[in-house]
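This report describes how chains meet in one model. Please consult the sequence and the structure shown below.

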Amino acid sequence: MELFFQQLTNGLAIGGIYALIALGYTMVYGVLKLINFAHGDLFTLGAYIGFTLLTSMNLIGKIGPLPTLFLFGIIIMGLVGIAGIVLERIAYRPLRSADRLAAVVSALGASIVISNSIMLIYGARFLVYPHHILPNFTINLLGMKIPFMRIAMLLLSIILMIILYLFVQKTRIGTAIRATAIDHGAARLMGIDVNKIISVVFFIGPALGGAAGFMVGLYYGQLNFMMGWMYGLKAFIAAVIGGIGNIPGAMLGGLLLGVIEALGAAYISTSWKDAIAFFVLIIILIVRPTGILGERVADKI
Amino acid sequence: MNRKYLIWAICLIFFLSPLFLNAYWVDVLNNIGIYAILALSLNFILGDTGLFHMGHAAFFAVGAYTTAILNTMYHIPILFLIPFSGITAAIFAYLVARPIIHLRGDYLLIVTIGIVEIVRIALVNNIFGLTGGSNGIFGISRPHLFGLIIRRPTHFFYYIWIFLAVSVFLFHRLRNSRFGRALNYIKEDEVAAEGTGVDIAKYKLIAFVLGAFWAGMVGNIYASKMTIISPESFTFWESVIYFCIVILGGSGSITGVILGSFLLIGLPELFREFAQARMLVFGLAMIIMMIFRPQGILPPPPRKYNVDQIN
Amino acid sequence: MVKKILLFTLCLSLFYIPMGFAKSKIKIGLMCPQTGSWASEGIDMKKIVNLLAEDINKKGGVLGRKIEIIDEDDGGDPRTAALAANKLCTRGIVAVIGTYGSSVTEATQNIFNENKIIQIANGSTAIRLTEKGYKYFFRTCPRDDEQGRVAAKTIKKFGFKRVAILHDNTTYAKGLAEEAKQNLEKMGGVKIVFFDALTPGERDYTTILTKLQSKKPDVVFFTGYYPEAGLLLKQKKEMGWNVPFIGGDATNNPDLVKIAGLDAAKGFYFLSPPVPQDLDTPQAKAFLKAYQAKYHALPGSVWAVLSGDALLAIVKAIDGSKSTDPDKMAYYLHYKLKDMPGLTGKISFNEKGDRVGDLYRVYKVDDKGNFVLQPKD
């Protein structure tokens, strides 16, 4: 039983990251009905920008680790968010009125471009974040040893998600985002600048992905230009499990996927872990064709 | 009339091209041919029926492994295994597509991604002790045709491209048949199609199974061409390539899909000079082509019906 | 219009007809992954081979002719590799170095063999590659069965009773894991409590570590690659679990310590052929000096260094057989080349084309993060 809870916490920590990346997928999908396959690579970009900041600027000695990380986190979110806006302008906006699948191909192209640019700039070798930035101790919780940073990471992901949720639900811009997601034309008639809203969405989604990249870099320490592909795919699954386009769904889907993976690996087989995750996804979709929290969309007649 | 001669001339030059191309370029053409057939079979599902299918490599894999296992264990000649590989892939497609065929758009997309990944993981884990794990299966024999062993790139060139020509003919006929028109109706307006009495689940399933049948047969060709197959050749990324070929070439258009395979498989070879940057250039080319031709390079022409011939 | 197209195709084809008629340089191919997941290995191979080629040319080349390295990207994927091999065959090369992955190499073997081109692989350890009787195929890396034997012997010698074997389902790691398991079972007295794979390329391996811990092994033998090994060590340390880890030669990369962190990496054992740093032959020293002068770093994994050995063997074969005829070169490599001093020790090949000799040594990561060669008993 202790083992079960230990694996559960392992899964939740992994799931928190998935959820944070899945939010970017889900927001973009909600507004544009576009699967942004380049999202995982924006996550990688966040991790690499973090590496550059940490190794080039020695702020930790001057203002202490926590303020530095906070400041860097903000800078990374800003930069990756801007990258997201640029990506939308170049690769997706010209295709907005075209067939939906054309934008998917463009997104796949963008994914190749971003990951290979990172490889050309930083090299193909694994990069490693500086060690000993984060406090490293374990907490004893009900007889389980849990590294403090895992809890911190999960909490931070949840905080970011709650902020986003409140932003979308309570602010004017958030209302505009929801309106745009339902109907572009009607939103435009209500005086909403749809292009601006799409830019906002393409800022927030990648910014959260970038933050996730920074967190992964800080905690796991090891970077590679291909890392975004795997995380991106997992996050996409998470978004679909929860019901793509639905923000609480992405959070739920991410955490659930992390837990499924951990328990699948623990009790069935580690080498079949990803297959188990996909299998569960298929079962969920057969039972609920639009994900757990996805709404049933009425057929247009 | 002039145009017709031109097309025949191009075809003739093309069929004579192994005479003046070196082995490398012939092999590039072989790869293009294999991808073109695969993309055509996907086009039938994705382009003609409008099902978002990003897991076609799974059916390709089932076909290739069927050939490899039966050939290496029971020494059945490769050519006899062609229909058999197709049938296995088709049965597999039927079994997996049956429960998911009602899923819409992007949900179907992710499920097909799931299928191709599950198949790959199963192959890596040496399922039933048959697939050889990540080592794959080696020692697959070459096709024997009337005493001739097909093994050089030039031999394969004719083998593959004749198969492609047959596929083009059949897919063209299928597309313009009553069945093909029904699929097209489903693509354009599912609800209306259902309303006029088209059994959409059945038609979609048949499209899936037929596409998979064809991909399975290509699996046979691929296995005998490489003589070794391993799970790396059947990843999700492979399916993404077929998907891009269809959309980029012009979804639903046979000529477009063939042109698309020339671009997506041929371009990285032309970009070899860029060494490490070649994939970057390739990705850029994908975005640019999509922006300038969102409907694909050669979208299918609108269907024309001769008024006199109706009824 | 028709004429234009004809002319165009002709031009295109002429452009690509090999221009290697001038016999001034000896061309040697290098096939390595420069894009895709293994790009870092391939780029390192390219650096090392080009560095050595420059050096050989500076000393006057071989048989009075300079050598030229022609590299092609195999993308770490069998299909791309087959294309790269076909392309190399049209460029007039006499021999080819590479490549890294076993299944990737396998897809190119018959192409080079049919074209009578000597192939020396550097990272393909799968046993069956040299069991097919290809006359022109060699490799500078040892085979999985060799390493499996050494691994089993080492584990036994340390006196571990409960052994967990973890691989990553790649051809290499799984091959090694199975060899080690068979050897351990044959020896007896050792219980294998865990045998499974992780998914390479992930960041979080706590799930598998927790599972491993519950099986209470005395030692974990990880046969996969250094990025995962580094993370495993790091996360194991974080969990406060003090089990010794032993790795295969895929963990022999200076980046291992960087990824794991010094605290977590120290005390880690791994098996590997000796790296240039540990050899006091003049070749190894000169190579190391030149490499550091040019790239300001130590060479990466041992397999990239083995591609350098492949080049040295090819050059030696040309020199020794006084020709670039593949049959003479192959004969020389099989039977005449004895104990050639290379970057990873003495090199000779047996009649199958495998490298001869017990290469594997045990290394330990010391308190400063250096890889220390353990004395051989």
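Axes are lines fitted to C-alpha atoms, for helices over the stretch in contact, and angles run from 0 to 180 degrees between N-to-C directions. Helices are DSSP runs (H or I, at least four residues) numbered from the N terminus. The model is predicted, with local features needing pLDDT of at least 70 and side-chain atom pairs pLDDT 80 or more, while totals for chains, interfaces and linings use all residues. Residues are numbered from 1 along each chain, chains are lettered from A in the order in which they are written, and side-chain values use heavy atoms, without hydrogens and water.

**Chains A and C**

Helix α1 (residues 2–32) of chain A and helix α7 (residues 206–214) of chain C have axes that come within 9 Å and cross at roughly 165 degrees. The two helices are therefore roughly antiparallel, a term for angles over 145 degrees. Contact (heavy atoms within 4.5 Å) involves these residues:

| Helix | Residues in the contact |
|---|---|
| α1(A) | Leu3(A), Gln6(A), Gln7(A), Asn10(A), Ile14(A) |
| α7(C) | Thr206(C), Thr207(C), Thr210(C), Lys211(C), Ser214(C) |

**Chains A and B**

This contact takes 46 residues from chain A and 42 residues from chain B. The two chains bury about 3,800 Å² between them, 82% of it on carbon and sulfur atoms; buried area is the accessible area (1.4 Å probe) lost on being put together, summed over both parts. On the chain A side, Leu101(A), Val105(A) and Ile112(A) lose the most area to chain B, together 16% of what that side buries.

One salt bridge is counted between chain A and chain B, the term requiring a side-chain nitrogen of Lys or Arg within 4 Å of a carboxyl oxygen of Asp or Glu. Arg100(A) forms a salt bridge with Asp106(B), with the closest N and O atoms 2.6 Å apart.

Note on methods:
Angles under 35 degrees count as roughly parallel, over 145 as roughly antiparallel, 65 to 115 as roughly perpendicular and the rest as oblique.
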